Amino acid sequence: GPDLKRLRNLSTLILNHNSLSSLPGEIGLLNELRFLELSHNKLSSLPESMSNLSKLELLNLDNNMFEHLGTLEGMTSLSTLRAANNEIVEIELAFEGLVRLATLSISHNKIAEIPSGVGVLQNLLEFEAESNLIEEIPYEFCSLKRVKVFKLADNPIKDPKLVKLLKKNGALKDIWKYIEKAQSKKSDKQKDNSPSKKEPETASENVTPTHEYDSDDSFDITMEEL
């Protein structure tokens, strides 16, 4: 392969469709790298040295063999993460270090849960997680005011009312309102059911999302395949 040490100033690296099953650790030396395209390979893990890629803005891992992505710690400039069509079973991303993330695309995986830590992604514009095993939308999502694209088709969402709302392609703020209502009912129920046992406080109870939507905001929500 190329001598990566000599490519230290490289800003774009495109290695799509290369049958790669691993990446060399030296990739971490490319600390000027901003765009890394690795789709349609046979990758199942990333070298630890990639945590040095603090200028990386786009990472495309679509159509590989990942079961775990890891935390992607150190990639503090990342704004686009694409990892659709893999075998990912859970999201382990260190969200608090990925606050610039604007696009998170994880459709066609085996993800069962969106972690509550997602609430720190205040710059998120697009969230695509179609064809997974997701049953619930975490309450913390309600604090993400900038989201414009929200795709969750073909997931086993449990709440039939939520399914209906999502199918209707309604405004995202209506969906958030419904989730907030459901959460406060849940909290009340917990208080009623266990007067003696104090429920552990979760971060979600301390988050009070406020909405600043313009009436002409358009939302792209597709749930038709549910």
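How many cavities of 30 Å³ or more does the chain hold? By the rule used here, the count comes to one cavity.

**Before you start**

This is a predicted model, in which local features need pLDDT of at least 70 and side-chain atom pairs count only at pLDDT 80 or more, while totals for chains, interfaces and linings use all residues. Residues are numbered from 1 along each chain as its sequence is written, and side-chain values use heavy atoms, with hydrogens and water left out.

**Stop 1: the whole chain**

Colour the chain by pLDDT, the predictor's confidence in each residue, from 0 to 100. The mean is 86, and 84% of the residues reach 70 or more. Now select residues 198-226: pLDDT stays under 50 over this stretch. For these residues the model has 62 contacts beyond four places in sequence, a contact being heavy atoms within 4.5 Å.

Switch to a cartoon view next. Along the sequence the pattern reads β-β-β-β-β-β-β-α-α-α-β.

Of the 226 residues, 44% count as buried, where buried means under 20% relative accessible area, exposed over 50%, and partly exposed in between (1.4 Å probe, protein chains only). Among contacts between residues at least 6 apart in sequence, 31% join residues at least 24 apart.

**Stop 2: two positive phi angles**

Most residues other than glycine have a negative phi. Select Ser-19, in the loop between strand 1 (12-14) and strand 2 (35-37). The phi of Ser-19 is near 55 degrees, a positive value in a residue other than glycine. Ser-19 counts as exposed because its relative accessibility is 52%.

Move on to His-108, in the loop between strand 5 (103-105) and strand 6 (126-128). His-108 also has a positive phi, near 55 degrees. At 41% relative accessibility, His-108 counts as partly exposed.

**Stop 3: loop residues and their partners**

Go back to the loop between strand 1 and strand 2 and pick Leu-29. Leu-29 has a relative accessible area of 26%, so it is partly exposed. Not counting residues up to four places away in sequence, Leu-29 touches Lys-5 and Arg-8. Draw a C-alpha to C-alpha distance from Leu-29 to Asn-9: the two are 20 residues apart in sequence and 9.5 Å apart in space.

Select Asn-63 next, in the loop between strand 3 (58-60) and strand 4 (80-82). Asn-63 is partly exposed, at 27% relative accessible area. Leaving aside neighbours within four places in sequence, Asn-63 is in contact with Ser-39, His-40, Asn-41, Ala-84, Asn-85 and Asn-86. From Asn-63 to Leu-38, 25 residues apart in sequence, the C-alpha distance is 8.8 Å.

**Stop 4: the cavity**

Rolling a probe the size of a water molecule over the atoms shows where empty space is left. Here a cavity is a set of points, on a 1 Å grid over the protein atoms alone, where a 1.4 Å probe fits but cannot get out, and lining residues have an atom within 4 Å of a point. Grid points are joined across faces, edges and corners, and a volume is the space filled by probe spheres set on the points.

Which residues line the largest cavity? Select Leu-69, Gly-70, Leu-81, Ile-88, Glu-90, Ile-91, Glu-92, Leu-93, Ile-106 and Ile-111. About 50 Å³ of space lies inside. The lining divides into seven nonpolar, one polar and two charged residues (Ala, Val, Leu, Ile, Met, Phe, Trp, Tyr, Cys and Pro count as nonpolar, Asp, Glu, Lys and Arg as charged, and the others, Gly among them, as polar).

**Stop 5: two buried residues**

Val-147 sits in the loop between strand 6 and strand 7 (149-151). Val-147 is buried, with a relative accessible area of 0%. The C-alpha atoms of Val-147 and Leu-121, 26 residues apart along the chain, are separated by 9.9 Å.

Finish at Leu-165, in helix 1 (residues 160-167). Leu-165 counts as buried because its relative accessibility is 18%. Between Leu-165 and Tyr-178, 13 residues apart along the chain, the C-alpha separation is 8.8 Å.

Note on methods
Helices (H or I, at least four residues) and strands (E, at least two) are DSSP runs, numbered from the N terminus. On a 1 Å grid over the protein atoms alone, a cavity is a set of points where a 1.4 Å probe fits but cannot get out, and a pocket is an open set with protein on both sides within 12 Å along at least five of seven lines; lining residues have an atom within 4 Å of a point.
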